[in-house]
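Visitor: Please put the model on screen. I would like to go through it in short questions.

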Amino acid sequence: MDSFLFAMLLVFAIALGGRDQLIIAQFSEVQKRNVGLLIAGAACAVMSAGVMAYAGSTMAAILPPRAADMLVAFALAIAAFELCWRVKVKTMKEPTRSYIAIGAVILARQIGDAARFAIFALAAEAVYPTTAFIGGAIGGIAAIGLGWTLGLAQLQRFPLRTIRFALAICLIVAALLVGLNARFTFL
């Protein structure tokens with residue numbers, strides 16, 4: 001249950017102001033909140049959460065427990081590093097309004113983003129990685145839904161850069177604590 005709640009809240013928080021959310025928000029304004037766009041974004045969130053949860057659980061299964069903990073620390077550090085980068089979304093044009101093309105771009109952005117690294121880390125640590133997958137998918141869908149609902153203009157009114165930087169600091173602290181705990185068993 002912990003990995004479900006952590007994954008859901010962490011993915012939603014980290015995805016605020018992420019590339020996938022901003023792309024959905026941008027197309028949402030252009031396509032007048034078309035439901036097909038929301039469905040495509042939600043499907044991508046579920047697929048990317050599944051891929052990262054599977055990867056995390058597979059890696060944790062072949063590693064000794066302390067090495068799996070270090071893997072989690074590295075995944076959290078990578079997520080923190082990615083959160084520190086400024087997110088810029090170019091004005092995109094999709095003349096055909098193809099949900100497959102938009103979905104492919106969103107899925108490619110999601111596979112390597114900080115929120116999915118958090119799913120990877122939580123699935124590697126979880127007793128039941130499926131809970132990290134379900135929680136991460138719900139958190140990703142909620143972030144996509146928020147971007148779709150608000151649109152790009154309203155979404156950019158929030159202090160997204162500050163939120164992402166604060167989350168990066170929290171993830172760095174978590175990575176250090178998990179890494180130290182893996183290195184020194186007395187923590």
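**From single residues to the whole fold**

Visitor: In which helix does A75 lie?
Guide: This is a predicted model: local features need pLDDT of at least 70, side-chain atom pairs count only at pLDDT 80 or more, and totals for chains, interfaces and linings use all residues. Residues are numbered from 1 along each chain as its sequence is written, and side-chain values use heavy atoms, without hydrogens and water. Helices are DSSP runs of H or I with at least four residues, strands runs of E with at least two, both numbered from the N terminus. On that basis, A75 lies in helix α4.

Visitor: Is A75 buried or exposed?
Guide: Buried means under 20% relative accessible area, exposed over 50%, and partly exposed in between, with a 1.4 Å probe and protein chains only. A75 has a relative accessible area of 3%. That is under the 20% limit, so A75 is buried.

Visitor: Which residues is A75 in contact with, leaving aside its neighbours within four places in sequence?
Guide: Contact means heavy atoms within 4.5 Å. With those sequence neighbours set aside, the partners of A75 are F117, F120 and A121.

Visitor: How many helices and strands are there in the protein chain?
Guide: Along the sequence the pattern reads α-α-α-α-α-α-α-α. The count is therefore eight helices and zero strands.

Visitor: What is the radius of gyration of the protein chain?
Guide: The radius is taken over C-alpha atoms, and the globule rule is 2.2 Å times the number of residues to the power 0.38. For 187 residues that rule gives 16 Å; the chain comes close to this value, so it is as compact as a globular protein of that length. Along the principal axes, its C-alpha atoms fill a box of roughly 55 × 30 × 25 Å. The radius of gyration is 17 Å.

Visitor: Where is the kink in α7 centred?
Guide: The expected span of a helix is 1.5 Å times one less than its number of residues. For the 27 residues of α7 (129–155), a straight helix would span 39 Å, but the end C-alpha atoms are only 32 Å apart. The bend at a residue is the angle between axes fitted to the seven residues ending there and the seven starting there. The kink is about 65°, centred on T149.

Visitor: How far does α8 reach from its first C-alpha to its last?
Guide: This helix has 24 residues, and its reach is close to the 34 Å expected at 1.5 Å a residue. Its buried residues include R164, L171 and G179. Among the elements covering them are α1, α2, α4 and α7. From end to end, α8 reaches 34 Å.

Visitor: How far is the backbone nitrogen of A45 from a polar atom of the side chain of Q110?
Guide: Q110 lies in α5 and is buried at 0% relative accessible area. Beyond four places in sequence, Q110 touches residues including D20, A45 and I144. A polar contact is a pair of N or O atoms within 3.5 Å; within protein, one must be able to donate a hydrogen and the other to accept it, and residues adjacent in sequence count only if both atoms are side-chain atoms. The distance from A45 to Q110 is 3.4 Å.

Visitor: Does G112 count as buried, partly exposed or exposed?
Guide: G112 sits in the loop between α5 and α6. Beyond four places in sequence, G112 is in contact with E82 and F117. At 43% relative accessibility, G112 counts as partly exposed.
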